[in-house]
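Where are the pockets in this protein, and what lines them? Here is a short report on that topic.

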Amino acid sequence: MNFPEIQEFLGCPTPESWVKAALNDQATMLIDHKNCEFKAASTALSLMAKYSTYVDLLNAMSRLAREELVHHEQVLRIMKRRKIPLRPVSAARYASGLRKVVRTHEPFKLVDTLVVGAFIEARSCERFEALVPHLDEELGKFYFGLLKSESRHFQGYLKLAYQYGEAADVDQAIVRVREAEQVLIESPDTEFRFHSGVPAF
């Protein structure tokens, strides 16, 4: 399965060294993946609370939150089968790094937040695709199944950004967030996480 629109959207591919680190620490990968699914649902719910008069956003985020929570439960079941115990895992610098480029005044804050959401979903899709060929049958099948939903979430966020913002401004926001995202992915990271950069450990 290939997603050329996602590869085109992202500023860089996932480094091979990250894929190797993920394969060598699948327990942490699954724990952090579970956390990411929960955070994705939380983000969708917080957008619904903040923009409670935006009907299309409410519908899209409601569906997205439900889907992300299902994924959260699916990862938990895989962890249980593999006897991977739950433990606290600190958040990656990735999402907070992207949020630093979000403008603080409306309507630009919403546009930037939606563009950041699109990048997070696009990167997740790209990473699942990078991992799938190297995983065991169960996990490979599960991550392959997530590719389509992450791609759909990416497109959903992007569609909302263009709906609620001016096209030229959204285009500029994409360029700005892409640059920040590429730095986070290609710079050294001292901890392995699902969205971490080049391993420096």
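Helices (H or I, at least four residues) and strands (E, at least two) are DSSP runs, numbered from the N terminus. This is a predicted model: local features need pLDDT of at least 70, side-chain atom pairs count only at pLDDT 80 or more, and totals for chains, interfaces and linings use all residues. Residues are numbered from 1 along each chain as its sequence is written, and side-chain values use heavy atoms, without hydrogens and water.

A pocket is an open set of points on a 1 Å grid over the protein atoms alone, where a 1.4 Å probe fits and protein lies on both sides within 12 Å along at least five of seven lines; lining residues have an atom within 4 Å of a point. Points are joined across faces, edges and corners, and the volume is the space filled by probe spheres set on them.

| Pocket | Volume |
|---|---|
| Largest pocket | About 730 Å³ |
| Second largest pocket | About 320 Å³ |

Take the largest pocket. Its lining has 31 residues, and Lys39, Thr43, Ala95, Arg99 and Ile120 lie nearest the centre. Helices H3 (26–50), H5 (93–99), H6 (108–131) and H7 (137–164) each give two or more residues to this lining. H3 gives the most, with ten. The lining divides into 14 nonpolar, eight polar and nine charged residues. Here Ala, Val, Leu, Ile, Met, Phe, Trp, Tyr, Cys and Pro count as nonpolar, Asp, Glu, Lys and Arg as charged, and the others, Gly among them, as polar.

The second largest pocket is lined by 15 residues. Ala60, Arg63, Arg152, Gly156 and Tyr157 lie nearest its centre. Helix H4 (55–81) and H7 each supply at least two lining residues. H7 gives the most, with eight. This lining holds five nonpolar, five polar and five charged residues.
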